[in-house]
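Subject: Structure for you to look at

Hello,

I am handing over the structure we spoke about. Please have it open while you read, as the notes below go through it piece by piece.

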Amino acid sequence: MDGYRMWSSLNEWLWQDRFWLPANNSWADLEDRDGLVYPHPRDMLMALPLALVLLAVRFTFERFVGLPLSRWLGLRSQTRRLVKPIAALEKHFLTEGQRPTEPQMTLLATQCGLTLRQTQHWFRRRRNQDRPCLSKKFCEASWRFVFYLCSFIGGLLVLYHESWLWTPVMCWDNYPKQTLKLALYHWYLMELSFYISLLITLPFDIKRKDFKEQVVHHFITITLIVFSYSANLLRIGSLVLLLHDSSDFLLEACKLFNYTHWRRTCDTLFIIFSLVFFYTRLVLFPTEIIYTTYYESIANLEPFFSYYFFNTLLMLLQLLHVFWSCLILRMIYSFMKKGQMEKDVRSDVEESDSSDGEAAPEVPRLKNGAAHQPGAAPTDGPRIRAAGRVANGHTRAT
């Protein structure tokens, strides 16, 4: 009973009019009447089961569309040799870290009876073993491409005839007593469900170098969608969603062509994506979205809690835009320097045998192509290939 009373008190405090609505407005003003429908926070609960439905759709799409398509396009994942199980090294890899320091590496080598070079080789292969294959990357990118493209087209169809799409100041016309249109509700609900599904699968999806920023982005996006719907900030919220979708599907398309090695198409799409991203995220977003929420929204209203909270979320989103813009600029610099897009700077790449600062020294080549070192025999031929499995008296880790 006490728990119910506490929950009731917390719920009553959370939904106070002054937190969500401008002065002299109340939730009673937004009750459905005379055929007029207004958004209600409880409507967003439908996003939870719909997110599970999207997960099932995604699994089906990747299994029966994405994977066959990748094979049809000739995508082949690199074959990786599994490392030899070594308990001490595996324990360190899973609990202490995937990249031991040099003193740690030396200690582990001594414990396992390996050379330092063999231990480095083991950790390098073990990291590569956990990296996702190209087909998984392709399937994930293809699903996101399809959703972002459909969402962008759907958003355009929903908003094309709305005045606030072309004149953002109209987002505040008669606010907060703005009625809800069914098409806008369905689009909003689908977007929320998609981002919830992304948050659910984030631990299992491909982890990139901006993993933490992705987590922050998803949380901010979900909070923005739920909060804007609850406070009837649907108009400005819909502009934020459409603006983001306009470049997201281009990014996923770049990834698809990059994985299939269509370099020219990938490079062209990347330039288009970069221009759209910079214009929408660094020009339109601050000058149109943030400007209207910060200045024009309170032209006829007094500032209230939702005003400050919503603008804080938008500013955090803008900081993420700046962060990703820096990554894109690094890729553009690489593109201009080398003439083609090498990789997504957010992605981990396969490590070669000469990584970890242990590149082999150059040695002269004999006429038959074998390498020769002082005091070493030629490294080709059956005898040497058999002996090559032994180094300093230890079996080489594979």
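Helices α12 and α13 are roughly antiparallel to each other, because their packing angle is about 155 degrees and angles over 145 degrees count that way. This is a predicted model, so please read every value here as computed from it. Helix α12 covers residues 263-294 and helix α13 covers residues 305-338. Their axes lie 10 Å apart, and the crossing of α12 and α13 is left-handed. Sorted by class, the residues in the contact of α12 with α13 are 23 nonpolar, six polar and two charged.

The crossing in which α3 passes α9 is right-handed.

L189 sits in helix α9 and counts as buried, at 8% relative accessibility. Between L189 and L50 there are 139 residues of sequence separation, yet the C-alpha atoms are 8.5 Å apart in space. H186 is also in helix α9, and with a relative accessible area of 43% H186 is partly exposed. The C-alpha atoms of H186 and V158 are separated by 9.8 Å, and the two residues are 28 apart along the chain.

Next, the annotation. The unreviewed UniProt entry places the feature "transmembrane region" at residues 44-61, 145-165, 185-204, 269-287 and 307-333. What does the model show over two of these spans? Residues 307-333 are 100% helix and 0% strand, and the C-alpha atoms at the ends are 39 Å apart. For residues 145-165, the span is 86% helix and 0% strand, with 24 Å between the end C-alpha atoms.

On aromatic rings, the structure holds 29 aromatic pairs. One of them joins Y294 and Y295: the ring centres are 4.9 Å apart and the planes stand at 75 degrees, so this pair is edge-to-face. The cut-off for that label is an angle over 60 degrees. Y294 is partly exposed, with a relative accessible area of 42%. Elsewhere, ring pairs link W13, W15, F19, W20, W27, F227, F305, F309 and F310 into a cluster.

Y175 and P176 are joined by a cis peptide bond, with omega at about 10 degrees. P176 belongs to the loop between α8 (163-166) and α9 (182-201).

Two asparagines, N24 and N232, have a positive phi although neither is a glycine. For N24 the phi value is about 65 degrees, and for N232 the value is about 60 degrees. N24 is in the loop between α2 (17-20) and α3 (47-72), whereas N232 is in the loop between α10 (211-230) and α11 (234-259). Are these residues buried or exposed? N24 counts as exposed, at 82% relative accessibility. N232 is buried, with a relative accessible area of 2%.

Regards

Technical notes
Residues numbered from 1 in each chain as written. Predicted model: local features only at pLDDT ≥ 70, side-chain atom pairs only at ≥ 80, totals over all residues. Heavy atoms only, no water. UniProt positions renumbered as here; feature names shortened; annotations may be inferred. Helix = DSSP H or I, 4+ residues; strand = E, 2+ residues; numbered from the N terminus. Axes fitted to C-alpha atoms, helices over the stretch in contact; angles between N-to-C directions. Parallel < 35°, antiparallel > 145°, perpendicular 65-115°, else oblique. Left-handed = near helix turned anticlockwise from the far one by under 90°. Nonpolar A, V, L, I, M, F, W, Y, C, P; charged D, E, K, R; others polar. Phe/Tyr/Trp six-rings, centres within 6.5 Å; stacked < 30°, edge-to-face > 60°. Buried < 20%, exposed > 50% of the residue type's maximum accessible area, 1.4 Å probe, protein only.
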